[in-house]
Structures are given as structure tokens and as C-alpha cells.
Amino acid sequence: MSANLPSFFQLYQRLISIPSVSCLDPSWDTSNKPVIDQLAEWLESLGFSVEVKALLTSPGKYNLLARYQPHNERQGGLLLSGHTDTVPWDEGRWQFDPFKLTEKDNRWYGLGSADMKGFFAFVIEALKSVDINALKKPLTILATADEETTMAGARELNAFTAFKPDFAVIGEPTSMAPIKMHKGHLTNAVKVIGKSGHSSNPAAGVNAIDIIHEVIGELKTLRQHLQQRYQQPSFEVPYPTMNFGHIHGGDAANRICACCELHIDLRPLPGMDLAEFSGLIQQQLGGIQQRYPGAIEIIDMHPPIPGFACPDQSPWLQLAEALSGETAAAVNYCTEAPFVQQLGCDTIVMGPGSIAQAHQPNEFITLAEIDPAQQQIRELIRRVCE
Ligand SMILES: [Zn+2]
């Protein structure tokens, strides 16, 4: 619609050229504000009304919501959602400038070309050929921050009022095939505090390694129970998993170990309530807690991410399958989908680029996938909003 928007390549190039790394290491972490400002400018020129919110939990980071609301219809319609941040880049392993969109061998290389700043270029390009004044249902674009670290942006969607689309697509790179579910993710530290003493007299202390041995026994019992009790055959590993990934404790063979810590990775199935899931762990360790009051502490090492599933009978999922010609699948990575779904909309993950390139040096998107992806995104908009 707007004559002033740059070409598709220029849109893409501009987004790739603005650094927006999110990283728990502050020396890498960058504000995403310049990307948000650029998107705001383009979307406003297309006729969207744009709201930008500073995140409360992550200083210097911003979410953007751009709405087109025909007849002031505030609710419903389609949400196209993506994250504006990228992971850091591996300096020695990139053959290209990560911040310059480089065309070579029928590919566009650049950091975020697949995961997933490029998605916004696709959306804006699609909108150039859609008469948004003719849309009958609201069309909303969401751009979040910090997906690659804490998902802080997706956790603060309630900052936007009257935000309830009917259908949502998260444009993570799936080669435009619909994704209908993924597991959740929790990382817990189980910390055991005992009491040190000389090794020659076991009664002089409380051995934290002895206690953690009991903890591991109980957790293995729980793991078995979870595997038998909960099943979702769409996943390659069809049950919730629990991995013991790291343990450290003690300082010398001749001292009673006073402190031992175990880190576990937990992947609940979609639909499992996270509080309930944590409750199962507490309950399983209840007997040990009673014998050693106050000795065991369980800490979330990052904010938990729930699982996500879009029901097979959802008309949205069926439309995505029909347009892509692909059966919706389950994946083993996490996205912002569970948080977006909490808005009350049917949600799928589907976007251009391959997940195989995400978080890799020389990240790229192939030229061959551009036109079909463009068409599919345009068709989604038309089918929901026209
Ligand atoms: Zn991503």
C-alpha cells in the first residue's frame, strides 16, 4: 500500500544490519529498541497503530504491538508474532559479516536471517500487496524481546490491553510447515546443605552427598512414574523427561561433605501444569525433607516455560496444514507459543527459513523458499482477515 517502503531485500538487509543480540552475559546483550523503532516506522506507514512497551523485567528491552482494527473491532482476527532478538554470533566461524545481508549461492546470509528477524520483512512485504483498508477482521503484528534468553517479552503481553486475537502464528523458522506442539522446559538446582566435620567421625556432621544419593533415588522413581503416567505419541520421546546434567559437592576426602548441588533438566508434556509438576518433585522428596529438615532447597535456574499444543481439530491448524500441504508436527525446542496461546487464541508455529540454521554460524535463508513463503503468509492474512 505504501509507496515509500523499501524493497524486500532492503527491508531484510535493514533488519539484519541492526544488532539486537540478547544474552545473559551483559557484555553481549544489546537493546532491541532500534529494531522496534524501525518496525514501528514501517508499520505506521502501512496504516497500523503502534504501541511500544518497555519491559518491566528487562531494562532496555521493548515489545511492539501494531494493530489494524477495521470498524474499531478491537478483538479477534489474526496475530503474526515474532521475536526481534538474536543469539550472539561465533566470531571465528562466520565467513560473512553477520550484520550484512549477503547474497551468495542462492542464499541470503546474516544473523537473524532465519531465526527470525527476516520474518518481519516477509510480513511487511506481504502487506504491500494486501489492501488493508479492505480487511474485515483485525490484523495484529507482535514483536517481542529476549526470546533467546528469558522469554521476558512473551511473559509481559498483558501490558497490552484488549489484545485477544482468534488465531496466532509464531514465525519461527519451520520451513513454513506448521508445528502444533512442543514440550515445556524447566531447569532446577537441588541444593543440599549438610554439616561438615572430620571424616573419622560420621556422627560429627551431616553428609550432603549421602543425602543427594537419596534424592537421586527418589527422583529416579518419579522419573519412572512420569514416563508411565504421561504419554503424548506425537513426540519422538513421548513422555516427560528428567535429565541429571550436573553435580558438584564436597571439598576433600577427609571432610564430611557439607554442600552438594544437582542440576536437572525437565521437559513436561503440553498440558501439564508447571506448578503441579514442581509439586510432584516436592512431594517425592517429602520423606527426605522430614528426616533432614531444611536441608533441601529447589531453585528454578531460569523462569519455567510451559509446553504448548494446538488441538488437531482447530480450524486454524487445519488451514495451516492445507496451505502448506504439510501435516503439523511436534518439535523438541521451545517457543513463545505457550505465552501467546494464553491470550486465548489458537496458535501454531510456522515461518520461513530452516530450524537447522538457527543459532548456527553462516545462518541463511534460501532464495527458493522466498516466493512460496511470501504467498503462504499473504494467504493466511487473506483467509482470516478478508
Ligand atoms: Zn527464534
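Just after helix α2, Gly 47 takes a positive phi of about 105°. This briefing concerns a predicted model.

**Helix α2**

- Helix α2 covers residues 33-45, 13 residues in total. From its first C-alpha to its last, α2 reaches 18 Å, close to the 18 Å expected at 1.5 Å a residue.
- The buried residues of α2 are Val 35, Ile 36, Gln 38, Leu 39, Ala 40, Trp 42 and Leu 43.
- An α-helix has 3.6 residues a turn, so residues three or four places apart point the same way.

**Packing of α8 and α10**

- Two packed helices are described by the angle between their axes and the distance between the axes.
- Helix α8 (residues 315-324) packs on helix α10 (residues 370-385) at an angle of about 140°, and their axes are 11 Å apart.
- The two helices, α8 and α10, are therefore oblique to each other.
- The crossing in which α8 passes α10 is right-handed.
- On the α8 side, the contact is made by Trp 316, Leu 319, Leu 323 and Ser 324. On the α10 side, it is made by Gln 376, Glu 379, Leu 380, Arg 383 and Val 384.
- By type, the residues of the contact of α8 with α10 divide into 5 nonpolar, 2 polar and 2 charged.

**Met 151**

- Met 151 lies in the loop between β6 and α4 (152-155).
- Because its relative accessible area is 4%, under the 20% cut-off, Met 151 counts as buried.
- Beyond its neighbours within four places in sequence, Met 151 is in contact with Asp 146, Ile 305, Cys 334, Thr 335, Glu 336 and Phe 339.
- Met 151 and Asp 85 are 66 residues apart along the chain, and their C-alpha atoms are separated by 10 Å.

**Backbone geometry in loops**

- Most residues other than glycine have a negative phi, and most peptide bonds are trans.
- The peptide bond from Asp 115 to Met 116 is cis, with omega near -20°. Met 116 lies in the loop between β5 (107-109) and α3.
- Ala 162, in the loop between α4 and β7 (167-170), has a positive phi near 50°. At 28% relative accessibility, Ala 162 counts as partly exposed.
- Ser 175, in the loop between β7 and β8 (179-182), has a positive phi near 55°. At 43% relative accessibility, Ser 175 likewise counts as partly exposed.

Conventions. Residues are numbered from 1 along each chain as its sequence is written. This is a predicted model: local features need pLDDT of at least 70, side-chain atom pairs count only at pLDDT 80 or more; totals for chains, interfaces and linings use all residues. Side-chain values use heavy atoms; hydrogens and water are left out. Helices (H or I, at least four residues) and strands (E, at least two) are DSSP runs, numbered from the N terminus. The expected span of a helix is 1.5 Å times one less than its number of residues. Buried means under 20% relative accessible area, exposed over 50%, partly exposed in between (1.4 Å probe, protein chains only). Axes are lines fitted to C-alpha atoms, for helices over the stretch in contact, and angles run from 0 to 180 degrees between N-to-C directions. Angles under 35 degrees count as roughly parallel, over 145 as roughly antiparallel, 65 to 115 as roughly perpendicular and the rest as oblique. A crossing is left-handed if the near helix is turned anticlockwise from the far one by less than a right angle, and right-handed if clockwise. Contact means heavy atoms within 4.5 Å. Ala, Val, Leu, Ile, Met, Phe, Trp, Tyr, Cys and Pro count as nonpolar, Asp, Glu, Lys and Arg as charged, and the others, Gly among them, as polar.
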